[in-house]
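Try each task before reading its solution.

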Amino acid sequence: MKKLVNKVICSALALATVFTVAGCGGIEENQYDETKLQFFVGNYNAGYGYAYIEALNKRFEEKYATTDFGNGKMGLEIIIDNSPNFNPAGIQSSKNAVYFTSGWLNYYNLIAQDVLLDITSAVRADLGEYGESGKTVESKLTAKRSDLVSQYKTAADKYYAIPLDGVGGYCNIYDVDLFENNSLYYQKGGCPSEYTRKATCASAPLDGSFSTYKYTNGITAEKSAGPDGEYGTMDDGLPATYEEFFDLCDYMVDKKTITPFTWSGAVAADYFKRFAAVNWADIEGKDGAELWKTFSGTADSLGTVNANGEFVPDATPTQITMTTDANGKVTASNAYELARQAGMYYAVSFWEQVFNGHNNDYYTTQSRSGYESQTQAQSTFLYSSYGAKPIAFLADGTWWQNEATDSFNALVQTYGEEASRENRRFGLLPAPKPTIDYVGESSSWLTGGGMVFVNGNVTGTIKDLALDYIKFQVTDTSLKEFTKIVGTVRPFEMTLSETELDGLSNFTQQLYAYAKKGAFFSTLPTSDLTLNHYEFFGDDHKFYTTLNYVSPYAAFDAGKLSGKKDVGTYFNSVKDYHKNYWNSYIINK
Amino acid sequence: METKNNNVKKQQKERTKDLIFVLCVLAIPMLCFAVFYVGTNVNSILLAFKKYTVQNTANGVVANYEWVGFYNIAEFFKQTFVGNKAIILKNSLIIYGFNFLFGLPLALLFSFYIYKKRFGSGVFSVMLFLPSILSSIVMTILFQYFVELAVPNMVAEWFGEKRFSLFGEGIEAKWKMIVFYNVWVGFGLGVIMYSNAMSRIPEEIVESAQLDGISTLKEFICITLPLIFPTVSTFIVTGVAGIFIDQANIQGFYGTGTGAVIDVQTIGYHIFQSIMVDSTNYAAYPPAAAAGVSLTLISAPIVIFVRWALDKFGPTTEF
């Protein structure tokens, strides 16, 4: 009897161990509508939120409201999973048919692992059923962002995902209302660049010479031309050069009790890798950035630093070359010299001055604190204008408005509709140029990843629906809805009417306008070389150093970025890092 | 004779049945062990000698694992011992050093205090063990908020000092905070185990010593420590074995995503983060596997040596 009892207990225990094999996580089994077909969507619920997906799903469900899917299922029920597992194995075992991500997610690796479905048929299908005959997802993408076509279309001429955000990237935001109310804009003729910018600028320099800084609210007097050197554009009145920018910061601190910057201390070490890269992209532009993809061409902005830590341009341009053998292995290259681009130096220089300028008074104390999250930094920024010490700039990303939805709602409850996202005015701050020589060049911003793909394991009806879902979200209606809800712009051809623009926030209007001008571009890897050194060639690796600092902020945090000499040291160590990496991991490897 | 044979056969049959039953019971756990432990570890070891590449070809996107011999292991040694990742080795040793030099003695002292049932010993045992019970994420967030928000705000309000920080400013301050936190939370399990071991010391030995007029300090050094040495020795050995896998609760401070800067990383955290930062980047797996293999080759002989040394030179007591 005892033996039998022992055997029963052992059997029960063995059975219990079976459950250790079972996985955990996934979507909670809620009460689904048994009369409808369920369609699952996974979403990385961060800056973009999921309100836009809910709106999209509602219309997609309406489209299929009377479709009989068989087995007693009439109509569609779409369920959003806001915490999906983005690991390849997690995706493959998931019920989610379509995924929205905020990052690049190593696209080509996912394709190689058969995680993503080939959606070429959907991308090239005519959108006639949605009233856009003659257009396809591909044509709308090509018309707006041909650089993204080369990233998403494989060498086999196939698509496995489409981009989510066309303007999604790191940026600085400025408070337009604050600038107007405190007359923080430079007047026409009120700053040095008005007289010294190149004659080739869209607006010629003024006659005479600069004597004293003059400010305006932009209403009572005309604003200066700004970094693009052209009057009548969005950047009018904003500082055109580093010198003007930091003079403005001093003016804010000394005369206006305004703190120039705030950012999230919790993610500063990471974010500043990308902020520096954004500065680099603005200075080097698309041509300079393209060299980092092709590793072939003329680099005319390279330089070195002198004993004082100042940038000294090379006397002659450098020809960047790369030779490979029959197997594609790199046998020789001087592409690491690109780390000597002027943009690399000046990006570090800019942030060094922000960190150390005016006795560290250019940023809030919260910016150095690990508890200040992204949403808290947004809140700090938004609420500051109602307090004694407003903040002029927020270093964040173009998704910030959507991410700050709760803060905007709270402000509306306290201060009324004038405090809403649509009514408060913020602008996209174009980076000032390092020197007067760069004034007149158009502003640029880097965009990151963020993509939409279909799970490779879908079949049958769900597969057909997923492919249609891809097309559906790129219709004009869906694109406009995305812009209205999220406040950013997808990289597909779309034209907003004046009425539609008026309904958007000032910041979104600026994003739309800059996107139309082609100010956003991507440098995500596309070649085999860059794909297989994906980490190294990503934007967030550009400012790694041999001194172990991965961004200017990390060096500053360690007390090693204070003054021009430190900027020079940082620049040299970035150069060494890139050279070491090429020699250790790429050339003849 | 026939009866005897029948009995033998019956016993054999019974034993066979028992054996079959045991095998059936163990089958699934053994399968789990084979797949999730043996298979995973064998694959990890093999991965250390491979490289993962992706090619975007006209025939499609193709992924390959190529054999690269000892390249990954050589790179790991080069970077960690002479290269720009030497700091993570230093940090791992610092964390262990502080735990050994401060955490271990303090845990022993606190355990002794609790064992002696002095004033507030009940409260102490709860307070010291609490970090081990609560979620580490909750604890690190609470601690970080206290250090970086509560204390500076209190000082600003009471003394008007605007930029006060308990550990200073910058990344060094962050590192000090992490080290302090790890020493503090490291007490819990040790206190429970040491005080439990101390409670097993025979009363007669202690009473006898007290009758001879032994002081509390001498009792601690000459009686308590030698008698609980096997427990202490176990913790020292497991501590040494854990030097290179200790993540020092860094993820709690820095969260997921790109995580901590290298200045505050330990080897264990670095390996973990190299995978976690982008789990779709399969190219990061072979170097991480190589790091694991290399660290096993380094730490195994060290652990064996430490174990041998403690057994040889430590007090041998039985009770």
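The rule finds one salt bridge across the interface of chain B and chain A. The model used in these exercises is predicted.

**Exercise 1.** Find which residues form the salt bridge between chain B and chain A, and state which elements they lie in.

Solution. Step 1: the partners are K7(A) and D18(B), with their closest N and O atoms 3.6 Å apart. Step 2: a salt bridge needs a side-chain nitrogen of Lys or Arg within 4 Å of a carboxyl oxygen of Asp or Glu, and the pair is listed as one. Step 3: D18(B) is in helix α1 of chain B and K7(A) is in helix α1 (residues 2-18) of chain A, so the pair joins two chains. Step 4: D18(B) counts as partly exposed because its relative accessibility is 23%. K7(A), at 27%, is also partly exposed.

**Exercise 2.** Describe the contact between chain B and chain A by residues, area and polar pairs.

Solution. Step 1: 47 residues of chain B are in contact with 54 residues of chain A. Step 2: about 3900 Å² is buried between the two chains, and carbon and sulfur atoms give 52% of this area. Step 3: nine residue pairs are in polar contact, both residues having pLDDT 80 or more. Step 4: sorted by class, the side of chain B that touches chain A has 21 nonpolar, 14 polar and twelve charged residues.

**Exercise 3.** Are D282(A) and K433(A), which meet in a salt bridge, buried or exposed?

Solution. Step 1: the side chains of D282(A) and K433(A) meet at 3.1 Å, N to O. Step 2: this pair links distant parts of the chain, with D282(A) in helix α11 (residues 268-294) and K433(A) in the loop between β18 (426-428) and β19 (445-447), 151 residues apart. Step 3: buried means under 20% relative accessible area. Step 4: D282(A) has 3% relative accessibility and therefore counts as buried. K433(A) has 1%, so K433(A) counts as buried too.

**Exercise 4.** Place T398(A) in chain A and describe its surroundings.

Solution. Step 1: T398(A) sits in the loop between β17 (391-397) and α14 (400-403). Step 2: with 2% relative accessibility, T398(A) counts as buried. Step 3: a polar atom of the T398(A) side chain lies 2.7 Å from the backbone oxygen of V167(A). Step 4: leaving out residues up to four places away in sequence, the residues T398(A) touches include V167(A), G168(A), F507(A) and L511(A).

Terms used. Residues are numbered from 1 along each chain as its sequence is written. Chains are lettered from A and ligands numbered from 1 in the order in which they are written. This is a predicted model: local features need pLDDT of at least 70, side-chain atom pairs count only at pLDDT 80 or more; totals for chains, interfaces and linings use all residues. Side-chain values use heavy atoms; hydrogens and water are left out. Helices (H or I, at least four residues) and strands (E, at least two) are DSSP runs, numbered from the N terminus. Buried means under 20% relative accessible area, exposed over 50%, partly exposed in between (1.4 Å probe, protein chains only). A polar contact is a pair of N or O atoms within 3.5 Å; within protein, one must be able to donate a hydrogen and the other to accept it, and residues adjacent in sequence count only if both atoms are side-chain atoms. Contact means heavy atoms within 4.5 Å. Buried area is the accessible area (1.4 Å probe) that two parts lose on being put together, summed over both. Ala, Val, Leu, Ile, Met, Phe, Trp, Tyr, Cys and Pro count as nonpolar, Asp, Glu, Lys and Arg as charged, and the others, Gly among them, as polar.
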